[in-house]
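Hi,

Here is the model I promised to pass on. Have a look at it first, and then read my notes below.

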Amino acid sequence: MPFSPAWSRGYTKAGVLGSPCVLPTPRRQAVFVILPAPAEWATRRRSVSLLTAFPCARIELVSKPGITAGIEKLRAEALDVFQAGVAEADPARAVERALGTAGSLPVPGPGGVIRAVAFGKAACSMGQALGAVLAEAGLGWRGLAVVNRENLAEIDGFRVLVGGHPLPDEAGVEASREVAEFVAEAGENDLTFLLVSGGGSAILSAPAEGITLADKLDCTSRLLACGADIGEINTVRKHLSFLKGGGLAARLGGGELVTLILSDVIGDELSTIASGPAVADPTTFSDSIAVLRIRGIYDEVSPRVRERLEAGCRG
């Protein structure tokens, strides 16, 4: 709402959505009175936007009959909008919408079973929603979920493991191995659901063969320190990881894989969300080396990291 420092003492204006208007004021309003500022304000210059613009004036909200009630109504409406947005973004509701009615669910082949793997910060809520839909359809399943410790919860039909977030840890490394073994057991007639959410990169943190978690973390830290963007970081760490960059899908023993991805990435690039465990990696080992050289840290990363990337370039 624009204010003019030329307004005289006690002059009252009302505004709707930032537009000044003449009294009588509309229903949704806030009434302000322009008053002289205390002398000390001119020297303090506190970082308040209105004072920065008009250091010689102060603006007070006037409480009058009807005004306070109108503000409370606006506050209630704003809260309703916020809560509706949170509800629509709820991971469980997203899973329910994606799967639709029980009659439209994919089913395993003859003699096949349903497996479910959920990982990321929303793993438990997504797994619980999937289980509810499958139970309603009269279908059984076996599930494995990996979640950060803060969101740990029991889920019917799932064994729940933990992995470090935001800092990867050895628990996440071990959980990655268990996930790989679990999907490798899938048979030709089995159906596997993969539920992916944000934080999965850290939670399933197992490094690729030949390097350690410390090697991988050191490389990522150096990329962050030199200002690499998320695309560059993902390019490198997907080639230093056990399950990222399509590695999880590649370990599926057989059958059909249905992936539900809860995006936390602007633009919803599937190879970026949780580093794309079920998506073909569009980048190469050569791209990874190029990022490290451009950022000037190729000679600083672990020799094991360089050896893996160079071996990848050789095929």
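At what angle do H8 and H9 pack, and how far apart are their axes? The angle is about 165°, and the axes lie 10 Å apart. (Axes are lines fitted to C-alpha atoms, for helices over the stretch in contact, and angles run from 0 to 180 degrees between N-to-C directions.) That makes H8 roughly antiparallel to H9; angles under 35 degrees count as roughly parallel, over 145 as roughly antiparallel, 65 to 115 as roughly perpendicular and the rest as oblique.

Before going on, some housekeeping. This is a predicted model, where local features need pLDDT of at least 70 and side-chain atom pairs count only at pLDDT 80 or more, while totals for chains, interfaces and linings use all residues. Residues are numbered from 1 along each chain as its sequence is written, and side-chain values use heavy atoms, with hydrogens and water left out. Helices (H or I, at least four residues) and strands (E, at least two) are DSSP runs, numbered from the N terminus.

Back to the H8 and H9 pair. From H8, Lys216, Cys219, Thr220, Leu223 and Leu224 meet Ile233, Val236 and Arg237 of H9; contact here means heavy atoms within 4.5 Å.

H9 (residues 230-238) also packs against H11 (residues 285-294), at about 125° and with axes 8 Å apart. These two are therefore oblique to each other. On the H9 side you'll find Glu232, Thr235 and Val236, which meet Asp287, Ser288, Val291 and Leu292 in H11.

Among the buried ones are Glu232, Asn234 and Lys238. Their cover includes H7 (200-203), H8 (213-225) and H11.

Now for the ends of H9. Asp229 caps the N-terminal end, where one of its side-chain oxygens sits 3.0 Å from the backbone nitrogen of Gly231. His239 is in the loop between H9 and H10 (247-250). His239 counts as buried because its relative accessibility is 6%. A polar atom of the His239 side chain lies 3.5 Å from the backbone oxygen of Thr283. Not counting residues up to four places away in sequence, His239 touches several others, including Asp281, Phe285, Ser288 and Arg308.

Cheers

Technical notes
Buried < 20%, exposed > 50% of the residue type's maximum accessible area, 1.4 Å probe, protein only. Polar contact = N/O pair within 3.5 Å; in protein donor to acceptor, adjacent residues only side chain to side chain.
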